[in-house]
Amino acid sequence: MASVGVTANKPVVKAVALCGSLRKASFNRGLIRAAMEICKEESGIEIEYLEVEPLPMLNTDLETPDGGFPPVVEAFRHKILHSDCILFASPEYNYSLAAPLKNAIDWASRPPNVFAGKAAAIMSAGGGFGGGLAQFHLRQVGVFLDLHFVNKPEVHVHAFQPPLKFNQDGDLIHQQTYHQLKQLLLSLTNLSLRLQSNSN
Ligand SMILES: Cc1cc2nc3c(=O)[nH]c(=O)nc-3n(C[C@H](O)[C@H](O)[C@H](O)COP(=O)(O)O)c2cc1C
């Protein structure tokens with residue numbers, strides 16, 4: 001696992017954020033932007049957004065005989081490996097996680113699985129259940145990945161019910177959700193630090 005950085009005697013947890021939506025005004029991507037804003041105020045965690053769009057569709061024929069990956073996949077895996085934890089923004093497509101996110105996860109899971117032992121948190125925005133069903137599928141996938149998920153708070157945003165949660169650009173404009181994200185980041189930071197201290 002990556003070692004937690006320190007700023008002014010305070011540990012700083014490094015998170016990478018992955019979003020399953022490729023839509024320009026994606027609400028889920030908006031949640032990541034909001035989380036990154038929160039990080040500017042809170043010094044305990046920093047987030048790097050990793051694009052999943054440039055990754056090819058998973059095909060193990062693209063791997064080299066010595067276990068190498070296409071450069072774009074290699075770079076993606078490297079960022080995850082050197083992070084402390086993962087922040088997923090998972091839209092729900094047909095009651096499950098979206099294909100772009102699953103594709104990215106599958107690349108990262110190829111041996112050696114770069115997710116192994118890390119803390120993770122999920123947030124989602126969607127229709128009926130606010131993406132909650134996709135979150136449960138993602139948790140199931142995370143068992144094989146050996147991810148440790150934050151359980152509380154559960155952040156599933158009902159994007160199509162009043163009050164308005166996002167503007168036309170997909171930016172979060174709902175204070176209550178913003179507060180939930182703060183709590184989620186706090187839980188993710190704490191779990192990351194706990195896992196790190198257990199592994200030392
Ligand atoms: C193919 C497809 C399937 C969808 N299935 C669901 C679903 O099962 N449950 C749900 O709540 N929303 C569903 N939606 C709606 C999306 O969750 C919603 O459009 C959401 O805003 C997408 O995330 P984004 O704004 O980050 O792109 C579906 C949308 C698409 C395109």
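**A close look at helix 3 and its surroundings**

Guide: Let's start with the side of helix 3 that faces helix 4. In this predicted model, Leu101, Lys102, Ile105 and Ser109 of helix 3 touch Leu138, Val141 and Leu145 of helix 4. Sort that contact by class and you get five nonpolar residues, one polar and one charged.

Now for the geometry. Helix 4 covers residues 132-145, and its axis sits 11 Å from that of helix 3, at an angle of about 10°. Angles under 35 degrees count as roughly parallel, so helix 3 and helix 4 are roughly parallel.

Helix 3, residues 99-109, has another partner in helix 2, residues 71-81. Here the two axes come within 10 Å and cross at roughly 80°. The range for roughly perpendicular is 65 to 115 degrees, which is why helix 2 and helix 3 get that label. From helix 2, the contact uses Val73, Phe76, Arg77 and Ile80, while helix 3 brings Ala104, Trp107, Ala108 and Ser109. By class, that makes six nonpolar residues, one polar and one charged. Keep an eye on Ser109, by the way: Ser109 takes part in the contact with helix 2 and also in the one with helix 4.

In Ser21, a side-chain N or O atom is 2.7 Å from an oxygen of the ligand. Ser26 also uses a polar side-chain atom, this time 2.6 Å from a ligand oxygen. Gly128 works through its backbone, with an N or O atom 3.5 Å from an oxygen of the ligand. On its own the ligand would expose 620 Å², and the protein buries 72% of that.

Most residues other than glycine have a negative phi, and most peptide bonds are trans.

One joins Lys152 to Pro153, with omega at about 0°; Pro153 belongs to the loop between strand 8 (148-149) and strand 9 (155-158). Another cis peptide bond runs from Pro162 to Pro163, with omega near 0°. You'll find Pro163 in the loop that connects strand 9 with helix 5 (175-199).

How values were computed: Residues are numbered from 1 along each chain as its sequence is written. This is a predicted model: local features need pLDDT of at least 70, side-chain atom pairs count only at pLDDT 80 or more; totals for chains, interfaces and linings use all residues. Side-chain values use heavy atoms; hydrogens and water are left out. A polar contact is a pair of N or O atoms within 3.5 Å; within protein, one must be able to donate a hydrogen and the other to accept it, and residues adjacent in sequence count only if both atoms are side-chain atoms. Accessible areas come from the Shrake-Rupley method with a 1.4 Å probe; for residues, only the protein chains shown count as cover. Axes are lines fitted to C-alpha atoms, for helices over the stretch in contact, and angles run from 0 to 180 degrees between N-to-C directions. Helices (H or I, at least four residues) and strands (E, at least two) are DSSP runs, numbered from the N terminus. Angles under 35 degrees count as roughly parallel, over 145 as roughly antiparallel, 65 to 115 as roughly perpendicular and the rest as oblique. Contact means heavy atoms within 4.5 Å. Ala, Val, Leu, Ile, Met, Phe, Trp, Tyr, Cys and Pro count as nonpolar, Asp, Glu, Lys and Arg as charged, and the others, Gly among them, as polar.
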